[in-house]
Amino acid sequence: MNTLNVELGERSYPILIGTGLLHDADLLKKHIPGKQVLIVSNETVAPLHAKALLDALDDRQVHLISLPDGEKFKNLDTLNLIFTRLLELGFDRSCTLVALGGGVVGDVCGYAAASYQRGVKFVQVPTTLLAQVDSSVGGKTGINHPMGKNMIGAFYQPQAVLIDIETLDTLPERELKAGVGEVIKYGLGLDLEFLNWLENNVDAILGRDRDALAHAIEQSCAIKARVVANDERESGQRALLNLGHTYGHAIETHTGYSSWLHGEAVGAGLVMASDLALAEGMIDKVTADRCRDLVLRCGLPVAPPEDMNSERFLALMARDKKTLDNNLRLVLMTGAGQSVCTSNFSSKNLTQLIDNY
């Protein structure tokens, strides 16, 4: 087991990465505080992994709520299910919520923890690759709105992130590939050495090689932990973690959070972002091709849905949280392993690129 730390002063917390963590009762008891514990999972993950947590915490007042599975359920109605269960149980401010599942479970559970009685403790136990490398770390919590992804939420840090790589054994192939979409963005936008490693090891990751998965998760978490420690609330550098996401979120909103997985939308968004950077002269064709080739090797889309034109894209992108004073800002690569968040690009180039997909 390896341990990383997100250094945020009084809000600092560990990220534990290893195998068999869900079967280590002593470790779970150590890192999940409180006598009142609500495990928040979903109907897919709970039958696979909830029993290990319930058994380990059987000395507590521990309960399980199983939410419907899917991005389309990341909404106010699902959030209210958690609040209702907490109130039915009579849980007070000393309780702890445990997010057991993927990014949707983690985001909704975290936002419930941030809001219930104005804030209670929570712990992330991510079970998908996407959640393990990205959404479980950094304290972004929230829900979607029909008009925009993640538009309602709060920055709220967990007590700990417990990553058991063994949970990936039950992850469907499509979900695994989608998770690699988030891994790629770290290399493309922030770390050339990691990008080089990914190009040499992406097949091993997709083949579920334990050593390759462990390294990919550890490096992704380490990069994100450093960025979050320097910019917790995304006032500067943290925006670079959203490479490809402005396009990706627009795709997810357009499709009603149903037909595209988040990582699939990010994959297409990464290619779109690199194509715009190429058109703007910020990167060369070799670098743009590296992005496209890596996304293709992961079996992810490299173009948006055919029914999305530039008018629809731009309308949805205008609602992105990086937009300031009505100026759309995008994260664009400036080289392999380098990126910048900027509004200094040609709207004509952007429109033409979208219409040409």
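## Helix 12 and its buried side

In this predicted model, the buried residues of helix 12 (residues 310–317) are Ser310, Phe313, Leu316 and Met317, where buried means under 20% relative accessible area, exposed means over 50% and partly exposed lies in between (1.4 Å probe, protein chains only). These residues cover an arc of only 135° around the axis, which puts them on the same side of helix 12; the arc is that of the directions from the helix axis to the C-beta atoms. Helices (H or I, at least four residues) and strands (E, at least two) are DSSP runs, numbered from the N terminus. The buried residues of helix 12 pack against helix 9 (245–254), helix 10, strand 10 (330–335) and helix 13 (347–356), with contact meaning heavy atoms within 4.5 Å.

Methionine 308 lies in the loop between helix 11 and helix 12 and is buried, with a relative accessible area of 4%. Leaving out residues up to four places away in sequence, methionine 308 touches Ala250, Ile251, His254, Phe313, Leu316 and Ile354, and two of these partners, Phe313 and Leu316, are also listed among the buried residues of helix 12. From methionine 308 to glutamate 264 the C-alpha to C-alpha distance is 16 Å, at a sequence separation of 44 residues.

## Basis of the values

Residues are numbered from 1 along each chain as its sequence is written, and side-chain values use heavy atoms, with hydrogens and water left out. As this is a predicted model, local features need pLDDT of at least 70 and side-chain atom pairs count only at pLDDT 80 or more, whereas totals for chains, interfaces and linings use all residues.

Helix 10 has 18 residues and reaches 26 Å from its first C-alpha to its last, close to the 26 Å expected at 1.5 Å a residue, the expected span being 1.5 Å times one less than the number of residues. Just after helix 10, glycine 281 takes a positive phi of about 75°.

The axes of helix 10 (residues 262–279) and helix 11 (residues 285–297) come within 9 Å and cross at roughly 170°; axes are lines fitted to C-alpha atoms, for helices over the stretch in contact, and angles run from 0 to 180 degrees between N-to-C directions. That angle makes helix 10 roughly antiparallel to helix 11, given that angles under 35 degrees count as roughly parallel, over 145 as roughly antiparallel, 65 to 115 as roughly perpendicular and the rest as oblique. On the helix 10 side, Gly267, Leu270, Val271, Ser274, Asp275 and Leu278 meet Lys285, Ala288, Cys291, Arg292 and Val295 of helix 11. By class, this contact of helix 10 with helix 11 has six nonpolar, two polar and three charged residues, with Ala, Val, Leu, Ile, Met, Phe, Trp, Tyr, Cys and Pro counted as nonpolar, Asp, Glu, Lys and Arg as charged, and the others, Gly among them, as polar.

## Positive phi in loops

Most residues other than glycine have a negative phi. Glutamine 117, although not a glycine, has a positive phi of about 50°; its place is in the loop between helix 4 and strand 6 (121–126), and at 32% relative accessibility glutamine 117 counts as partly exposed. Arginine 208, in the loop between helix 7 (192–206) and helix 8 (210–230), has a positive phi near 65° and counts as partly exposed at 24% relative accessibility.

## Buried positions in a helix and a loop

Aspartate 107 lies in helix 4 (residues 103–115) and counts as buried at 9% relative accessibility. Beyond residues up to four places away in sequence, aspartate 107 touches Lys74, Ser135, Lys140, Thr141, Gly142 and Asn150.

Glycine 139, in the loop between helix 5 (129–135) and strand 7 (140–145), counts as buried at 5% relative accessibility. Apart from neighbours within four places in sequence, glycine 139 is in contact with Tyr13, Ala154, Phe155, Tyr156, Gln157, Pro158 and Arg238. The C-alpha atoms of glycine 139 and phenylalanine 155 are separated by 5.2 Å, although these residues are 16 apart along the chain.

## Two strand residues

Valine 62 in strand 4 (residues 61–67) counts as buried at 17% relative accessibility, and it touches Val37, Ile39, Leu54 and Leu57, not counting residues up to four places away in sequence. Glutamine 338 in strand 11 (residues 338–342) is partly exposed, with a relative accessible area of 46%, and touches Leu188, Gly189, Leu190, Leu332 and Met333 on the same exclusion of residues up to four places away in sequence.
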